[in-house]
Amino acid sequence: MRQHLQFMDHTLCLHTSSSSETLLRQSLRITNRTPIGRNFGDVLQPANPEYRVGEVVEVTFVGANPKNSAENQTHQTFLTVEKYEDSIADWQILYNDASWETRFYWHKGTLGLSNATIEWYIPDTAQPGIYRIRYFGHNRKQELLKPAVILAFEGISSPFEVVTT
């Protein structure tokens, strides 16, 4: 039977039996990789030290294909915006990927390399303080002739300050 599989913006035309189609499709999936000396979740473009209400925070991380997160849901979101609360000496989640104020962009690279950019549009209602952005993802790792493994990772931006004036 003739099968057409989409692979890296090219269509492969293969003669396969239906029993081997699943194995072939899985073997054509590209595993996620990181740049040399980097790990998944590492910050590539950091946040500025300070922002004003109404500005946009943008942080870019070493990323992986978001489809991997659908296969293994360790985290329920791709991102959080968190504020440090002195009263409890801990970070509190204020926004996630379902919030109108956030954007998540995945940039597909070549040979399994990719990155993720997270934007937070600081609303007029934001309280002054120290914030950070966290990125949650899953990378697909596969060694030759072994089944693929999906691994959770996260990245955290450096803290930044939001001021009102």
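Colleague: In which loop is A89 found?

Modeller: This is a predicted model, in which local features need pLDDT of at least 70, side-chain atom pairs count only at pLDDT 80 or more, and totals for chains, interfaces and linings use all residues. Residues are numbered from 1 along each chain as its sequence is written, and side-chain values use heavy atoms, with hydrogens and water left out. Helices (H or I, at least four residues) and strands (E, at least two) are DSSP runs, numbered from the N terminus. A89 is found in the loop between β6 (79–85) and β7 (90–96). The phi of A89 is near 55°, a positive value in a residue other than glycine.

Colleague: Is A89 buried or exposed?

Modeller: Buried means under 20% relative accessible area, exposed over 50%, and partly exposed in between (1.4 Å probe, protein chains only). A89 counts as exposed because its relative accessible area is 52%. L111 may be read alongside: its phi is near 55°, again positive in a residue other than glycine. L111 sits in the loop between β8 (102–108) and β9, and is exposed because its relative accessible area is 58%.

Colleague: How many helices and strands does the chain have, and what is its mean pLDDT?

Modeller: The chain has 2 helices and 12 strands. From the N terminus on, its elements run β-β-α-β-β-β-α-β-β-β-β-β-β-β. As to pLDDT, it is the predictor's confidence in each residue, from 0 to 100. Its mean over the chain is 83, and 79% of the residues reach 70 or more. Over residues 1–28, however, pLDDT stays under 50.

Colleague: Which residues make the nonpolar surface patch of about 240 Å²?

Modeller: Patches are made of residues with over 30% relative accessible area and no salt bridge; like charges are joined within 9 Å, and nonpolar side chains (Val, Leu, Ile, Met, Phe, Trp, Tyr) within 5 Å. A salt bridge is a side-chain nitrogen of Lys or Arg within 4 Å of a carboxyl oxygen of Asp or Glu. Accessible areas come from the Shrake-Rupley method with a 1.4 Å probe; for residues, only the protein chains shown count as cover. The patch here is made by V56, Y105 and Y121. Y121 lies in strand β9 (residues 114–121), and is partly exposed because its relative accessible area is 34%.

Colleague: Why does V162 count as buried, and with which residues is V162 in contact?

Modeller: V162, in strand β12 (residues 160–163), counts as buried because its relative accessibility is 0%. Contact means heavy atoms within 4.5 Å. Leaving aside neighbours within four places in sequence, the contacts of V162 include Y51, V53, W120 and Q127. V162 and Q127 are 35 residues apart in sequence, yet 7.5 Å apart in space, C-alpha to C-alpha.
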